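Subject: Structure for your files

Hello,

Here is the structure I said I would pass on. Please open it alongside the notes below.

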Amino acid sequence: MNEFDLIQSYFNWQSTDPNVLLGVGDDAALFDLEPDHQLVTSTDTLVEDIHFFRDTSPSDIAYKSLAVNLSDIAAMGAVAKCFTLSLTLPKINHDWLKEFSASLKKASRLYNVNLIGGDTTKGPLNITITMMGSIKKGKSIQRSGARNKDDIYISGDLGTAALCLKKMNEGIKPSLNELNKLNRPIPRLELGSALKDLASSCIDVSDGLEQDLSHILNSSDVGATIDAQKLPLGEELSQYIKETNDWLLPLCGGDDYELCFTADKASSSKLKKLSETLNIRVTKIGSINASNELKINGYDGSSASYKHF
Ligand SMILES: [Mg+2]
């Protein structure tokens, strides 16, 4: 099977978006943007043995590759539209490809994004997705927008993916809920899109809250105080912290893909309403100040956030 047959067999499904003028199969794809909109694009690579275990199912790998890229688009307040896929495979394994492509198609339909092109090569298993979205000109939420006295919020809860990873590394079987948090993160697309009118800055928590919030602080040239006791935790993690008092997981664990954002105090009632409408937990965890440091009340351990190198 050559590259063209592989793409034809596994990655050439019908687009559901009339804005896709040319999809898979030409030299390049063609996509219509709405008037007065800007292209928002982000790319992320998942590598075997680094971002996922060797025995992770092709279905979970496909879902997560898409979800982590969607999460970046959500953090900008944009609407995700289409994506390209670069797939590096050690060999052509039809069972693997069948499951991977079925899951990718299902997830792309779920989140209403279309595959418009890509590339396949031979090598160690590696999945790169480049996601494209759009946003009304000037409306994107950037890391540099946090202002003194803004409140800091987190969507969902933190640390369960890291707890799952910790258990797996220690040979303990995680619960299904923990596995889902690690392998099936939910990109906060609706929330992100709504936040473009409310948030002053935003980031998705992929490498750990402490590190990702620090990106906002550095870009915005501000400091912050957050309260460890206020961090939203899932049930299993609450139990774990009760037993261990180990706050490293929600503070420095990665892979949560929740949105950490800042907003003016005046937006608090609108945010509360938004959280109710979308049925997504939104928790205030601290506030921005004029210092140049991140202070975490109730935690005096050292940082262990994910470092890429
Ligand atoms: Mg990100």
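This is a predicted model: local features need pLDDT of at least 70, side-chain atom pairs count only at pLDDT 80 or more; totals for chains, interfaces and linings use all residues.

Metal site. The magnesium ion has two protein donors, Asp72 (OD) and Asp204 (OD), lying 2.1 Å from it. These come from distant parts of the chain: Asp72 belongs to helix 2 (residues 58-75) and Asp204 to strand 8, 132 residues apart. Asp72 has a relative accessible area of 19%, and because the cut-off for buried is under 20%, Asp72 counts as buried. Asp204 is also buried, with a relative accessible area of 3%.

Strand 8 runs antiparallel to strand 10 (residues 258-263), and six bridges join the two. Within this pairing, Ile203 has Cys260 in strand 10 as its bridge partner.

Helix residue. Ser108 sits in helix 3 (residues 94-110). Is Ser108 buried or exposed? Ser108 is buried, at a relative accessible area of 1%. Its side chain reaches the backbone oxygen of Lys105 at 2.8 Å. Beyond its neighbours within four places in sequence, Ser108 is in contact with Trp13, Leu66, Phe83 and Val113.

Regards

Technical notes. Residues are numbered from 1 along each chain as its sequence is written. Side-chain values use heavy atoms; hydrogens and water are left out. Two strands pair if DSSP finds at least two bridges between them. Helices (H or I, at least four residues) and strands (E, at least two) are DSSP runs, numbered from the N terminus. Buried means under 20% relative accessible area, exposed over 50%, partly exposed in between (1.4 Å probe, protein chains only). A polar contact is a pair of N or O atoms within 3.5 Å; within protein, one must be able to donate a hydrogen and the other to accept it, and residues adjacent in sequence count only if both atoms are side-chain atoms. Contact means heavy atoms within 4.5 Å. Donors are N, O and S atoms within 2.8 Å of the metal (3.2 Å for Na, K and Ca); water is not among the atoms, so sites may look incomplete.
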